[in-house]
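I opened a new page to write down what I looked up, one topic at a time. The entries follow the order in which I went through them.

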Amino acid sequence: RSTDWTSARPAVPRHRRVGRQLVAMEEICCYSQGEKPMLYTIPMSHYCEAARWALELAGIDFVEAAYLPGLHAAFSPIVDLRKGSKAPPGLTGSESSVPLLVSVDKEIIAHDSWECMSRLGDAPPLRAKELLDTIIGPCARTIAYSHLLADEGDAAFLKACTPAKVPWMQRWAMASSPFRWKVKAALREGLVRSQGHVEDCRTRLRTALTEFEAFLYMPPYADAGPTVAAVALASLMAPLVLPPNYAVTFYEGPMLEMEDLPPAMREEVAAWRNTPVGAWTLEYYKAAQAARPRDVVLSGRVGGFATKPRAARRGRGVPHAGGNGHS
């Protein structure tokens with residue numbers, strides 16, 4: 001199968017074209033799709049966390065192709081795959097949005113996290129989904145990035161962007177300060193925008209979480225089994241409360257410890273953890289995920305040896321909504 005995803009776009013600048021070809025070569029070496037669907041993700045993305053978690057719980061075997069922020073838009077096949085497929089009505093996001101679930105024949109199976117999660121079951125109640133879509137998901141991302149993209153958050157951002165299970169070429173690129181700062185500038189412009197926008201997100205989020213508290217004591221959030229509603233809420237809240245096993249597929253330990261965070265972010269994470277929805281999220285992660293979930297399937301050479309996928313899966317137990325959480 002051809003690895004030249006740039007042939008249909010000859011106007012792409014040479015440095016980007018070469019970069020895409022390098023990443024394409026790396027994907028062939030490190031991500032072996034075989035006869036399984038491939039899930040394109042950003043490792044630390046809360047939307048990607050929701051998609052992979054739901055697919056795992058649904059028992060769907062897939063290969064995950066993870067790209068770091070910036071690389072996913074400039075050097076991956078994601079844009080070309082989306083351009084070659086007709087998006088369903090009402091789909092939000094850009095041409096480089098992830099997650100994206102693709103068949104062996106490079107046909108899009110699921111365009112976003114909700115389509116991935118639909119494999120597990122029904123969507124949350126309408127109002128709950130609206131709050132998740134319009135406020136909780138985007139505002140959690142903006143608030144977290146407002147800290148990580150600031151100068152004092154650079155060390156934490158770098159740690160989050162260099163998980164051991166992402167191929168070395170991507171980690172090498174992100175470790176380069178000039179490249180990383182360009183990525184951060186683009187993310188800041190697109191997601192953080194201004195301090196006024198961040199404060200507006202905080203205000204809207206507090207209001208939304210107060211409204212959401214009532215849902216915690218009703219089905220499907222109070223049920224004793226894994227549901228799309230619970231997976232979506234826990235995943236989209238994760239950047240605000242940083243559960244120790246958030247995105248644990250890629251990180252050998254917690255993605256970020258409290259001591260890794262800049263002081264202002266540490267204080268804010270502690271505050272969100274103390275809200276009812278934040279405490280519920282921590283307890284859900286603690287009860288519903290095994291310590292060692294499925295690994296990213298890598299078939300390329302790592303240290304001279306071919307790796308093998310592990311069969312470990314996330315656990316299926318979830319707490320009652322009345323759990324106290326932890327900090």
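This is a predicted model: local features need pLDDT of at least 70, side-chain atom pairs count only at pLDDT 80 or more; totals for chains, interfaces and linings use all residues.

**Entry 1**

Residues are numbered from 1 along each chain as its sequence is written, and side-chain values use heavy atoms, leaving out hydrogens and water.

Helices here are DSSP runs of H or I with at least four residues, and strands are runs of E with at least two, numbered from the N terminus. Helix α2 covers residues 46-57 and helix α11 residues 228-241, and they pack at about 150° with axes 8 Å apart; the axes are lines fitted to C-alpha atoms, for helices over the stretch in contact, and angles run from 0 to 180 degrees between N-to-C directions.

I then listed the contacts, meaning heavy atoms within 4.5 Å: His46, Tyr47, Glu49, Ala50, Trp53, Ala54 and Leu57 of α2 meet Val231, Ala234, Ser235, Leu236 and Pro239 of α11.

**Entry 2: the sheet**

Next I traced an open sheet of four strands, in the order β2-β1-β3-β4 and with mixed pairing, where two strands pair if DSSP finds at least two bridges between them. Its edge strands are β2 (63-66) and β4 (108-110), each of which pairs on one side only. Strand β1 (residues 38-41) pairs with β2 in the parallel sense over four bridges, and I found that Met38 has Val63 in β2 as its bridge partner. Helix α2 came up again here, as it lies across β1, β2 and β3 (100-102) and runs at about 155° to β1.

**Entry 3: the cysteines**

How many disulfides does the structure hold? I found zero, taking a disulfide as a pair of cysteine sulfur atoms within 2.5 Å. The sulfur of Cys116 has its closest cysteine sulfur in Cys48, 8.6 Å away, and therefore too far for a bond. Cys48 is buried at a relative accessible area of 0%, where buried means under 20%, exposed over 50% and partly exposed in between, with a 1.4 Å probe and protein chains only. Cys116 is also buried, at 0%.

**Entry 4: Arg188**

Last, I located Arg188 in helix α9 (residues 177-192) and noted that Arg188 is partly exposed, with a relative accessible area of 30%. Not counting residues up to four places away in sequence, Arg188 touches Leu149, Trp181 and Arg193.
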